[in-house]
Amino acid sequence: MRHSISVLVENQFGVLARIAGLFSGRGFNIDSLSVGETIDPDVSRMTIVVRGDDRILEQVMKQLNKLINVIRVVDLSKEEHVGRELVLVKVVANQRDRAEILSITDIFRGKIVDVGPETYTIEITGDENKIKALINLLVPFGIKEIARTGRVCMGRGSKSIKV
Amino acid sequence: MKRTGAEVFIECLYNEKVEVIFGFPGGAVLQIYDELFGSEIKHILTRHEQAAAHAADAYARSTGKTGVCLVTSGPGATNTVTGIATAYMDSIPMVVFTGQVPTPMIGNDAFQEADIVGITRPVTKHNYLVKDVDDLPRVLKEAFYIASTGRPGPVVVDLPKDIMSAKTDRPYPNKVQLKGYNPTYSGHLGQIKKVAQEIVKAKRPVLYTGGGVIISGCHKELLKLAELTRIPVTNTLLGLGGFPGTNPLFLGMLGMHGTWYANNAITDSDLIIAIGARFDDRVTGKISEFAPHAKIIHIDIDPSSISKNVKVDLPIVGDAKNVLAELNKELKQLKAPPQTRDWLTKIEQWKKEHPLKYNKKSGKIKPQFVVEELYRITKGEAIITTEVGQNQMWAAQFYKFANPRSFLSSGGLGTIGYGFPAAIGAQMGNPDRVVIDIAGDGSFQMNLQELITVVQYRLPVKVAILNNRFLGMVRQWQQLFFNKRYSSTCIHCAPDFVKLAEAFGAVGLRAEKPEEVAPVIEQALNTNKPVVMDFRVDPEENVAPMVPAGGALKDMILV
């Protein structure tokens, strides 16, 4: 099963290396990892998507908690949460296909953020299924490049993860 | 007041009450060594940085204080890695200071530069690179705090050369503030009550206790618990000394080379109470057949140890000393009489059926006999360090430890070459005790350069070499599982250990017959010089009994 874990860490150099090293050293599988500063510049928040059964997940959480620079670890998969990913897709767009690509992008509430003589760059956010569906539709036109942020997550409702 | 980084470093050692450090100088730590020169801190110059790390580790194991090691950048730092990993696997409080090239040169592949923070990340509890001298007092304070609290472990602090001459007016802090580090010391009272109930109900309980008992200093509480409830106790390798080796409730060590009766007890048990132990593969054997009938209680300060290898029914996270004190209180209130009489009778029978044994009539010196004689003559009161392999297992089986912090051995990492430098650290921390390294001829050769260190500092360390002219444990496995093909384990080409000792200025003694063993030991213990004892033991003696790798504890080969 896939779990989305939110991790608050001290915003210092080397913290990412500690977490990456923990996963590789103990043989845990990371699907994606994203990181950015929080409102407090001393604290960063990571979202790690990890695959494994309950036993592995228990170890992942405990081992993360054991790192001195890790402040909090929460498994958001255990509660209602919102998960989103941002993807940029550079797709071949010749005169004949431009209108169709535009309408597909519209349907998925995406945006064309760059237009070239032969390409569109599309920005799309959403959950995994939505992004997969859009990419499947764009494949026939020819995808030149793709860049994804990995999943970021937040619990629903007024509860929040604090230091 | 403005001080240089090197002055802050010395101030830190005084504040943390460090009496001795183990190290080796070099270009990147010249400022620090210059400050040390005029200070009251004792510095022991080992002849290899690995030995400095092991000595600091053993100083910590034998005294309970934090061990300190100081080395230069690059190769000085990388040479300590084995010592750091050894301490990490066995949860030993240690702070290793490494020199580093000046901050503007970091990343340039400068002379004697190594990314030691990157290299040691997976084998330290935490590590630091100090990039600003204003951070130095805080980092030093945190390093000692992290190393010695919670589940202890080594901390590396990398000190660039320019930081040591830069000045700061930041004071050395009294307290640390770490958002992400707050170990749990007291156990959950509700859980403790449940554990007491389980203990009272159990018919075939076993206390399985590890290095955590020694670290938390709860040997008295453990003895009380065992005697109150009449529950037998088995120790892991690192737990030896945590329970008196001569107590009738003691089952000896469990696991791969544990006693037959300890492993039987685990297999037949209906309740395992694990205290400061981590269900290591050398202890459990085949995990699916480990204690198949037992409920498992696990008391440990590290939550990540719980349910890592074996599913635990009743966990308690906390310091074993606090938890056992509460548990004993609870049990006293319950006033339930122990129900283990039949169980203990059965175990007594097992003890008689298959005790630890060896052939006493061979006419050759048996290595087990040497360990028994060491035990008899030192009355179980010596500090024993070991290398790894047969010498380590025989020491664990045949020396009955009377006190905690007396058996120093690399359990988790299994580092040969540990025992001799460890004896240096142990003797520095315990000048009035007898310190003996029980070694193999192979393992002793891995760090024998330290002979000159014990001579220089007049440390009366004794080395008992069980000289079988083999890398014995590997040979044993080759004999049993590789059809006696002794690939690279035969080391007949060896130095004359007596002359070697003499060349360094130590005393060398040799025993070739069983009747020479005791006189050699007595002569060694009667001199206050370092002594190397060369015991020419039966070359192909094996460690028995044995659980084959991957086998279940019940499938022990008795030999």
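How many residues of domain 2 of chain B are in contact with domain 3 of chain B? I shall come to that after a word on the model as a whole, which is a predicted one.

Let me begin with chain B. Its secondary structure consists of 23 helices and 20 strands. The C-alpha trace spans about 70 × 60 × 40 Å along the principal axes of chain B. For 559 residues, a compact globule would have a radius of gyration near 24 Å, and chain B agrees with this, because its own value is 24 Å.

The domain assignment divides chain B into domain 1, residues 3–168, domain 2, residues 189–353, and domain 3, residues 367–536. Between domain 2 and domain 3 of chain B, the C-alpha centres are 31 Å apart. Here is the reply to my opening question: 13 residues of domain 2 of chain B are in contact with 14 residues of domain 3 of chain B. On the domain 2 side of that contact there are 6 nonpolar and 7 polar residues, and no charged residues.

I turn now to a sheet in chain B. Six strands form this open sheet, and their order is E3-E2-E4-E5-E7-E6, with parallel pairing. At the edges are strand E3, residues 42–45, and strand E6, residues 126–129, of chain B, each of which pairs on one side only. From one strand to the next, the twist averages 20°. Helix H5 of chain B, residues 81–89, packs on the sheet and touches strand E5, residues 94–100, as well as strand E7 of chain B. The direction of H5(B) makes about 145° with that of E7(B).

The pairing of E6(B) with strand E7 of chain B, residues 154–160, is parallel and runs over 4 bridges. In this pairing, which residue of E7(B) does Leu129(B) stand opposite? The residue is Asp158(B).

Helix H5 of chain B also has a helical partner. The axis of helix H3 of chain B, residues 49–63, and that of H5(B) come within 7 Å and cross at roughly 25°. An angle under 35 degrees counts as roughly parallel, and therefore H3(B) is roughly parallel to H5(B). From H3(B), the contact is made by Gln50(B), Ala53(B), His54(B) and Asp57(B). From H5(B), the residues are Thr82(B), Gly83(B), Ile84(B), Thr86(B) and Ala87(B). Sorted by class, this contact of H3(B) with H5(B) has 3 nonpolar, 5 polar and 1 charged residues.

Two points of backbone geometry in chain B deserve mention. Most residues other than glycine have a negative phi, and most peptide bonds are trans. Arg405(B), however, has a positive phi, near 60°. Arg405(B) is placed in the loop between helix H17, residues 390–398, and strand E16, residues 407–408, of chain B. Pro545(B) belongs to the segment after strand E20 of chain B, residues 531–536.

Next comes chain A. Its 4 helices and 9 strands follow one another along the sequence in the pattern β-α-β-β-α-β-β-α-β-β-α-β-β. The C-alpha trace of chain A spans about 55 × 35 × 30 Å along its principal axes. Chain A is divided into domain 1, residues 2–79, and domain 2, residues 82–152. The C-alpha centres of these two domains of chain A lie 29 Å apart. Their contact takes 6 residues from domain 1 of chain A and 5 residues from domain 2 of chain A. On the domain 1 side, strand E2, residues 29–37, and strand E3, residues 43–51, of chain A each give two or more residues. Strand E2(A) gives the most to that side, with 3 residues. By class, the domain 1 side has 2 nonpolar and 4 polar residues, and no charged residues.

Finally, I consider the interface between the chains. Here 16 residues of chain A are in contact with 14 residues of chain B. On the side of chain A, helix H1, residues 15–26, helix H2, residues 54–66, and strand E4, residues 70–75, each supply at least two residues. Which element provides the largest share of that side? It is H2(A), with 5 residues. The side of chain A that touches chain B has 5 nonpolar, 6 polar and 5 charged residues.

Methods: Residues are numbered from 1 along each chain as its sequence is written. Chains are lettered from A and ligands numbered from 1 in the order in which they are written. This is a predicted model: local features need pLDDT of at least 70, side-chain atom pairs count only at pLDDT 80 or more; totals for chains, interfaces and linings use all residues. Two strands pair if DSSP finds at least two bridges between them. Axes are lines fitted to C-alpha atoms, for helices over the stretch in contact, and angles run from 0 to 180 degrees between N-to-C directions. Two residues are in contact if their C-beta atoms, placed from the backbone, lie within 7 Å. Ala, Val, Leu, Ile, Met, Phe, Trp, Tyr, Cys and Pro count as nonpolar, Asp, Glu, Lys and Arg as charged, and the others, Gly among them, as polar. Angles under 35 degrees count as roughly parallel, over 145 as roughly antiparallel, 65 to 115 as roughly perpendicular and the rest as oblique. Domain bounds come from an automatic or database domain assignment. The radius of gyration is taken over C-alpha atoms; the globule rule is 2.2 Å times the number of residues to the power 0.38.
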